[in-house]
Amino acid sequence: MFLYNHWYVAAWSTEVSGQPLARTLLNEPVVLYRTADGQPVAMEDRCPHRRAPLSLGKVVNDRLQCHYHGLQFAPGGACVRIPGQERIPASVSVRTYPVAERYRWVWIWMGNPDEADPDLIPDYRWMTDDQWGAKGDRYHVKANWQLIVDNLLDLTHLAFVHETTIGNAAVAESADVKVTRGPANVLVTRWIIDQPPPPTYAKVGNFPGPVDRWQFIDFTAPSFLRLHVGATPTGTGGPQGNLEGGIQMRNLNCITPETESTTHYFWAQAHNFDPHNQAVTDLAFEQVSTAFREDVVVFEAQQRVIAHCPDSKEIDINSDAGGIQARRILARMHDAETARQSVPA
Amino acid sequence: MTEQGLQSGWVVVCDSAKVTPGEGFGIALGDARVGIYRLDDGSLHAIGDICTHEFALLSDGFVDGDQVECPLHAALFDIRTGKCHGPMAFVDVPAYPTREQDGKVLIFV
Ligand code: FES
Ligand code: FES
Ligand SMILES: [Fe+2]
């Protein structure tokens with residue numbers, strides 16, 4: 001299941017250059033490149049002539065030239081050159097996708113282009129804010145995108161999957177959890193009061209004693225998860241709203257489906273303590289990266305088990321509330337998109 | 001109604017200020033779990049907190065008017081009476097008499 005009328009992260013800005021980049025997004029082959037003045041372009045990665053992937057070709061004067069017989073396509077998708085042929089029928093073109101560049105990512109709109117409003121791109125300002133340091137990555141995951149959404153909405157798994165970094169027992173057993181929801185949004189608030197800091201927090205925060213730790217998980221459909229996490233020394237008023245005096249981080253996730261069973265997992269870790277110290281940025285990134293690789297192992301194993309027996313049953317437990325609400329929002333949006341598509345024009 | 005390990009009678013369960021409209025406040029009373037709610041009209045109510053479908057705490061769920069929706073599979077329970085309106089769950093939860101005194105919430109078990 002995919003939702004089309006949304007922005008997705010297609011690539012890190014640094015991945016898109018004058019060299020064509022092939023990337024499958026929502027099961028559609030897409031090629032991305034940059035024009036000489038730096039504008040990103042996204043096209044269907046399929047030459048309409050003999051269906052060679054355009055990403056095999058090269059960029060010539062801002063046009064993408066097919067590697068096979070040299071047809072050229074302008075950034076708007078129109079074919080502008082057919083070698084050995086004077087006239088080009090107006091109908092020869094490739095589909096292009098609206099793109100926007102923001103927060104160090106190239107975003108793509110996979111649905112109806114008329115609805116591609118850049119103001120709908122969710123806020124990831126911590127990626128570029130001078131008060132924050134941020135570093136991220138892209139993981140190619142051999143699992144369905146919704147397994148990753150589930151994972152980030154239920155952080156009890158930290159106690160089991162991430163004991164060496166961001167987890168400890170307190171995170172599963174001692175959390176005060178609250179779930180609230182909106183039409184396209186779920187917020188899970190978790191407080192873990194007066195508990196030892198987990199290994200990563202001890203490393204980056206130098207806490208002398210126990211901490212009050214929070215995890216505010218903002219899910220915005222279809223697959224944006226912005227986590228505000230941090231800890232303050234116990235007794236300094238964290239739960240009452242004073243989040244200063246400890247550490248604060250944003251764990252920023254943009255989950256882009258590649259196919260039904262594979263995903264481009266874009267994520268970054270941002271911190272507001274010592275924001276210009278590259279060593280701190282690297283350390284925070286490395287810690288989360290270790291944890292996220294542990295998650296990927298789980299996602300891919302789940303996917304194999306599910307694929308082997310797709311109709312096997314699942315049970316839900318108390319900590320699934322956030323994930324279940326998100327799934328319900330996604331199912332409703334999917335129904336709405338399908339209903340619109342089936343209305344005759 | 002007597003819950004295991006508890007004498008029947010009025011029990012102080014929390015400060016009045018803990019119970020605000022729009023969300024449940026869950027407490028453990030011996031083996032029992034009770035969810036306490038304040039409706040928009042200011043009235044106070046207490047019902048069994050464990051969903052009768054699978055295991056979920058209703059006080060973690062979503063309050064809509066005088067109903068609370070289970071956070072897992074959306075079964076609805078009447079906050080005044082504990083009556084279950086389905087789907088998924090079909091068995092009511094108990095309702096407990098409540099009163100407030102000196103800034104405290106008391107329920108009768
Ligand atoms: S397949 Fe692209 S030019 Fe022939
Ligand atoms: S556990 Fe409450 S409806 Fe399923
Ligand atoms: Fe994880």
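A salt bridge is a side-chain nitrogen of Lys or Arg within 4 Å of a carboxyl oxygen of Asp or Glu. In the predicted model described here, A:Glu15, A:Arg23 and A:Arg138 are joined in a network of such bridges. Over all chains, a search of the whole structure finds 18 salt bridges.

Several individual pairs were examined further. Within chain A, A:Glu44 and A:Arg46 form a salt bridge, with the closest N and O atoms 3.1 Å apart. A:Glu44 has a relative accessible area of 18% and is therefore buried, the cut-off being under 20%. A:Glu300 lies in helix H5 (residues 278-308) of chain A, and A:Lys142 in the loop between strand S12 (133-141) and helix H1 (145-153), so the pair ties together parts that are 158 residues apart in sequence. Here too the two partners fall into separate classes of accessibility: A:Glu300 counts as buried at 16%, whereas A:Lys142 counts as partly exposed at 49%.

In chain B, B:Arg80 forms a salt bridge with B:Asp66, and the closest N and O atoms are 3.6 Å apart. This pair links distant parts of the chain, 14 residues apart. B:Arg80 is in the loop between strand S7 (76-78) and strand S8 (95-96) of chain B, and B:Asp66 is in the loop between strand S5 (62-64) and strand S6 (67-69). B:Arg80 is partly exposed, with a relative accessible area of 40%. B:Asp66 is also partly exposed, at 30%.

The interface between the chains was considered next. In it, 13 residues of chain B are in contact with 13 residues of chain A. The area buried between chain B and chain A is about 1,000 Å², and carbon and sulfur atoms give 42% of it. B:Asp60, B:Phe62 and B:Leu72 supply 48% of the area that chain B buries against chain A, more than any other three residues. Between chain B and chain A there are 3 salt bridges and 7 residue pairs in polar contact, counting pairs with both residues at pLDDT 80 or more. By class, the side of chain B that touches chain A has 7 nonpolar, 2 polar and 4 charged residues. One of the salt bridges between the chains joins B:Glu23 to A:Lys178, with the closest N and O atoms 3.3 Å apart.

Two helices of chain A were compared with their expected spans. Helix H5 has 31 residues and reaches 44 Å from its first C-alpha to its last, close to the 45 Å expected at 1.5 Å a residue. At the start of H5, a side-chain oxygen of A:Asn277 comes to within 2.9 Å of the backbone nitrogen of A:Ala279. Helix H6 (residues 321-341) of chain A has 21 residues and reaches 31 Å between its first and last C-alpha, close to the expected 30 Å. The buried residues of H6 include A:Ala321, A:Ile324, A:Ile329, A:Leu330, A:Met333 and A:Glu337. The buried residues of this helix pack against H1 and strands S13 (175-182), S14 (185-195) and S15 (211-220) of chain A, together with S5 and S6 of chain B.

A:Leu225 lies in strand S16 (residues 224-233), and A:Asn253 is placed in strand S17 (residues 247-259). A:Leu225 is buried, with a relative accessible area of 0%. A:Asn253 is likewise buried, at 0%. Leaving aside neighbours within four places in sequence, A:Leu225 is in contact with residues including A:Tyr124, A:Val149, A:Leu152, A:Ile217, A:Phe219, A:Asn253 and A:Ile255. With neighbours within four places in sequence again left aside, the contacts of A:Asn253 include A:Tyr124, A:Leu152, A:Phe224, A:Leu225, A:Tyr265, A:Trp267 and A:Phe292. A:Leu225 and A:Trp105 are 120 residues apart in sequence and 15 Å apart in space, C-alpha to C-alpha.

Notes. Residues numbered from 1 in each chain as written. Chains lettered and ligands numbered in written order. Predicted model: local features only at pLDDT ≥ 70, side-chain atom pairs only at ≥ 80, totals over all residues. Heavy atoms only, no water. Helix = DSSP H or I, 4+ residues; strand = E, 2+ residues; numbered from the N terminus. Buried < 20%, exposed > 50% of the residue type's maximum accessible area, 1.4 Å probe, protein only. Contact = heavy atoms within 4.5 Å. Buried area = accessible area lost by both parts, 1.4 Å probe. Polar contact = N/O pair within 3.5 Å; in protein donor to acceptor, adjacent residues only side chain to side chain. Nonpolar A, V, L, I, M, F, W, Y, C, P; charged D, E, K, R; others polar. Expected span 1.5 Å × (residues − 1).
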